[in-house]
Amino acid sequence: MREWSFGNNGIATLNGQWEFYWDQLLNPNQIAALQDQERPRHWIDLPQAWNGQEVDGERISGMGVATFHLEVQLNPSSRVLAVELPMIRTAYRMWINGQFVAYGGRVGLDRDTSTPVNYPQLVLFPQAGADKLDIVIQVSNFDHRYGGIESELMLGEARQMVAFHDRLMGLDMLLVGSLLLMGFYNLGLFLIRMKEKSPLYLGLFCLLVGIHTMLVGEGAMFKLFPRLDWVTSMRLEYVCFYLSTAVALVFCYSLYRKETSRAIVQFTLYSCALFTAATLLAPPYVFTSMVMVYQWLNAAVCVCLIITLIRAFAAKREGARLILSGVIIYMIMAAIDAAEYDQWIGFGGISPVGLFCVIFMASFVISMKSVQAFASVETLSRELRDLNMRLEYRIKERTAELEQSNLTLARTNEDLARLETSRRHLLSNISHDLGTPMTLIQGYVEALIDRVVVGTEQQDKYLKLILSRILGLNRLITDLFQLSKLEARQIDFYMQELTIAQVITYFSERYVVEVHNAGLQFEFRSTSTNAPELPSRVLMIDVNRMDQVFTNLVHNAIKHTSTGGLIQMLLQENEHDLMLKIQDTGSGIEQDDLPYVFDRFYKKDKSRNSAAGGSGLGLAIAKEIVEFHGGSIWAESLPGQGAQICLMLPLREVDPASALSPDETY
């Protein structure tokens with residue numbers, strides 16, 4: 001790979017022939033000692049499981065240990081590289097250029113001395129001027145039917161790999177979030193009208209698929225629950241797979257009872273119960289081997305579903321065409337995944353997308369039913385009003401009854417409208433950062449109820465703490481809503497042209513009073529070379545939004561700067577951009593925190609996104625506003641020497657004759 005440029009060619013896959021040492025756990029020194037010896041060598045094409053590989057005339061099984069060795073030739077460099085390790089079955093250790101860099105589980109020579117894991121990992125390491133990468137991976141597997149490295153390893157520069165890893169994780173979380181939201185939405189529909197069972201089955205199916213998706217792919221479940229052990233995760237993955245098949249068939253049966261065979265439904269439920277029980281009770285190497293049988297059952301169920309949907313479509317049943325289209329898409333993608341799992345093809349992992357299509361189509365059908373019910377209510381309300389008008393002059397008592405019915409239906413309509421509005425607001429304001437304040441409030445209240453705090457002064461203190469936490473939650477929700485609207489570009493920006501002189505006039509003294517009131521000094525310095533009489537370059541900004549950004553940055557600087565300190569606002573202009581800096585003499589930011597201070601909810605005592613009482617969203621909001629203006633924002637700091645927040649905003653050329661003078665208002 002000496003001719004490979006990560007910048008131009010992108011991330012490289014380490015596919016191809018690797019040196020393969022079966023039934024041996026060798027370290028880099030032992031492999032180096034073997035290189036000069038005359039001996040037969042064994043090779044394996046990765047990615048693939050080692051099942052069925054021929055070693056010394058014998059075909060090996062999935063259980064055992066092995067060492068993989070690969071040498072990658074590179075141009076010498078001091079850059080930082082990264083390797084994306086896939087889900088390796090089922091425990092591994094890795095060395096690069098003799099340095100131990102990663103492990104997963106515990107590698108052992110038998111089942112008793114090994115501990116399995118099953119999640120991907122991103123390994124960063126310095127190239128340190130080396131002209132090659134000597135990669136050694138020890139793998140042991142005594143728990144899964146397949147052993148070895150089944151997915152491709154990827155190599156690239158650290159920045160590329162981190163971005164690639166984050167993008168995949170983001171896509172996984174987007175899919176999981178969509179599935180879980182649709183699941184809870186349909187469960188909510190069921191709770192509203194429990195007589196209709198189809199939303200219940202669809203909601204359960206969404207939750208099962210969402211949990212299964214978190215256990216595969218990028219392993220999001222292991223990020224949320226790092227202590228989740230391998231056996232439990234495998235059982236959960238397989239149980240979700242089995243139950244989702246049965247729930248999907250029951251959902252179809254609830255919609256199209258006449259077209260679905262009851263005997264097939266019962267057989268599927270019994271089979272699902274049997275496989276689920278075996279998964280929960282049997283050891284991993286047993287229940288992982290059973291999945292091939294269930295895949296055939298799953299394929300048969302899909303065929304039955306298609307036959308049922310075809311019959312429903314022929315009978316012109318409502319929604320049959322949409323659900324049939326989704327099931328066909330899922331079957332194609334599930335077949336690809338099954339072939340990849342059984343080592344028939346080298347790509348897969350797309351069945352969740354197919355399931356999402358099915359769920360989306362089914363949810364659309366359920367929603368259409370709800371809309372039709374709502375339309376029926378409106379039609380009935382209108383008819384009742386008309387009848388009321390016609391009968392008013394004849395029977396007053398009957399008119400009163402009809403008017404009461406009309407009011408009842410109107411209230412029902414209003415309740416449904418409020419429910420829909422509340423649902424939309426809930427989805428836009430859900431925040432995972434509410435748990436800790438609520439727990440603290442609960443603790444304070446329990447202390448008051450249990451008479452742990454008896455003094456009036458202490459009770460007032462606890463009530464003030466509760467009020468403080470509640471106010472913090474309100475600020476968090478407000479900031480989260482504003483950030484969500486900024487990210488969705490749903491906030492209007494009132495852009496106007498400002499010359500450099502107008503920027504200086506507006507911002508140079510705007511924050512002086514606040515800084516001085518805090519016992520600090522304020523200084524504004526400009527290195528602009530743009531003459532006021534010739535405003536050849538201007539900014540296109542929303543003044544109020546940018547004022548919000550600078551107010552947040554100045555307040556952060558005030559909170560982190562001791563009395564008597566200095567806060568500076570610096571303005572620097574170059575040919576294409578205008579740089580604005582807020583610099584303080586406070587405690588500074590740790591180097592490990594600098595890349596994350598603009599992330600939402602990144603709150604750590606050393607970072608600028610955790611000012612007292614803050615929601616962890618202020619700098620994220622500032623970043624969204626700056627990026628909307630086509631600019632960029634970043635932080636620079638040395639601990640103990642203050643921090644510096646830098647903004648870069650683009651300038652553009654204008655006709656001097658049409659530009660505003662510095663004295664004009666804006």
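Leaving aside its neighbours within four places in sequence, which residues is Ser508 in contact with? Let me come to that after a word on the model. This is a predicted model, where local features need pLDDT of at least 70 and side-chain atom pairs count only at pLDDT 80 or more, while totals for chains, interfaces and linings use all residues. Residues are numbered from 1 along each chain as its sequence is written, and side-chain values use heavy atoms, with hydrogens and water left out.

So, back to Ser508. With those sequence neighbours set aside, its contacts are Val503, Phe522 and Phe524, contact meaning heavy atoms within 4.5 Å. You'll find Ser508 in the loop between helix H14 (500-507) and helix H15 (512-517). Helices here are DSSP runs of H or I with at least four residues, strands are runs of E with at least two, and both are numbered from the N terminus. Ser508 counts as buried because its relative accessibility is 16%; buried means under 20% relative accessible area, exposed over 50%, and partly exposed in between, using a 1.4 Å probe and protein chains only. Its side chain also reaches the backbone oxygen of Ile504 at 2.7 Å.

Buried or exposed, or in between: where does Glu636 fall? Glu636 is partly exposed, because its relative accessible area is 35%. Its side chain makes a polar contact with the side chain of Trp634 at 2.9 Å. By polar contact I mean a pair of N or O atoms within 3.5 Å; within protein, one must be able to donate a hydrogen and the other to accept it, and residues adjacent in sequence count only if both atoms are side-chain atoms. Beyond four places in sequence, Glu636 is in contact with Leu594, Ala643, Gln644 and Cys646. Gly588 is 48 residues away along the chain from Glu636, and their C-alpha atoms are separated by 8.8 Å.

Next, the segments annotated in UniProt. The unreviewed entry places "transmembrane region" at several stretches, including residues 268-287 and 293-310; such annotations may be inferred rather than shown by experiment, feature names are shortened, and positions follow the numbering used here. In the model, residues 268-287 are 90% helix and 0% strand, with end C-alpha atoms 18 Å apart. Residues 293-310 are 100% helix and 0% strand, and their ends are 26 Å apart between C-alpha atoms.

Finally, the whole chain. It has 17 helices and 23 strands, and 45% of its 666 residues count as buried. Of the contacts with a separation of 6 or more, 73% join residues 24 or more positions apart.
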